[in-house]
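Here are my notes on this model, as numbered points. Please read them with the structure open beside you.

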Amino acid sequence: MPVTVLLVDDEPLVRAGLRAVLTAQPDIEVVGEAADGAAVIPLVRQLRPDVVAMDVRMPLMDGIEATRAVLRTVSDPPKILVVTTFENDEYVYEALRAGADGFLLKRARPAEIVHAVRLVAEGESLLFPASVRQLAAEYGDGGGNPAARAAMERAALTEREAEVLRLMARGLSNAEIAERLIVGTETVKSHVSAVLAKLGARDRTQAVIAAYESGFVAPG
C-alpha cells in the first residue's frame, strides 16, 4: 500500500512542488490539499492520510495549533511532518513539542523530501536528529523543565531502556540500535515501545524532546 499524504500550505506553488515530487514515487500518493490549518481536521477524518505535510506558519491556524487539534480530536491520527522555511525556528520546536513527528525544509532537494515522508511514515528513526538537538539546545530550557524532569523520574526507565533512549536521541534506527547493543530488532522494538509508554510519548520524536527537556540527554 502506498504512503498517503495530505498537503497543507497557504502557498499554492509550495503545494504544487511537493505534489510533483511525491506523486513521482510509486509508493507515495497525495490524497488531498488544504490552504490552512483550519481545514486539516475534516480532511484528515475524510481522507485518513498516513502523513500530513503541514506548513508551520499559516494565516488562520498555524501548524502548531493544527497539530494540537489533530492529535486532540482525531482517533488514530496521522504522522505530522512540519514544512518550514527556516531550520532553526522556534515555531518548528513548538510544533515538535505539540506532537509533530519531524520537519522538512521547503528548500530541501526532491530526494530529501521523499526520504522525510517515508521515514516519518515508518516511525522507526528520528528525522534530522542533529537539527532536533540544535533546536532543543536553543529553545528547550537547557534541561531545566521541571515538568519534563518529573515525568522522566516517574517513568523509572530500566538501564537498558535508558540506553535505548540515548541511542534514539542520536537518531539511530531500530536496526542500528540492535546492532549496537548486540540484540535482536524485535527486542529493540519492545524496549522502544516501553520507553514511549512510560514517557507517555506518541513517538520517538516526543520521547527525545522529553529526554532533552528533562536533562536526561544533553542537547549540546
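1. Start at L165. In this predicted model, L165 touches M152, L157, V195, L199, A207, A211 and F216, leaving aside residues up to four places away in sequence. Find these partners on the structure before you read on.

2. The largest nonpolar core has 54 residues. L165 is among the members that touch the most other members, together with V8, M54, L96, M168, I177 and L199. There is also a second, separate core, made of 22 residues. L7, V51, A108 and V120 are included in this second core.

3. Now look at A178. It sits in helix α9, which spans residues 174–181. Is A178 buried or exposed? A178 is buried, because its relative accessible area is 5%, and the cut-off for buried is under 20%. Leaving aside residues up to four places away in sequence, A178 touches V183, G184, T185 and V188. A178 and V164 are 14 residues apart in sequence. In space, their C-alpha atoms are 9.3 Å apart.

4. Turn to helix α2, residues 40–47. Which of its residues are buried? They are V40, I41, L43 and V44. These residues cover an arc of only 165° around the axis, so they lie on the same side of α2. An α-helix has 3.6 residues a turn, so residues three or four places apart point the same way.

5. What covers those buried residues of α2? The cover includes strands β1 (3–8), β2 (28–34) and β3 (51–55), and also helix α3 (63–73).

Terms used: Residues are numbered from 1 along each chain as its sequence is written. This is a predicted model: local features need pLDDT of at least 70, side-chain atom pairs count only at pLDDT 80 or more; totals for chains, interfaces and linings use all residues. Side-chain values use heavy atoms; hydrogens and water are left out. Buried means under 20% relative accessible area, exposed over 50%, partly exposed in between (1.4 Å probe, protein chains only). Helices (H or I, at least four residues) and strands (E, at least two) are DSSP runs, numbered from the N terminus. The arc is that of the directions from the helix axis to the C-beta atoms. Contact means heavy atoms within 4.5 Å. A nonpolar core is a set of buried Ala, Val, Leu, Ile, Met, Phe, Trp, Tyr and Cys residues joined through side-chain atoms within 4.5 Å.
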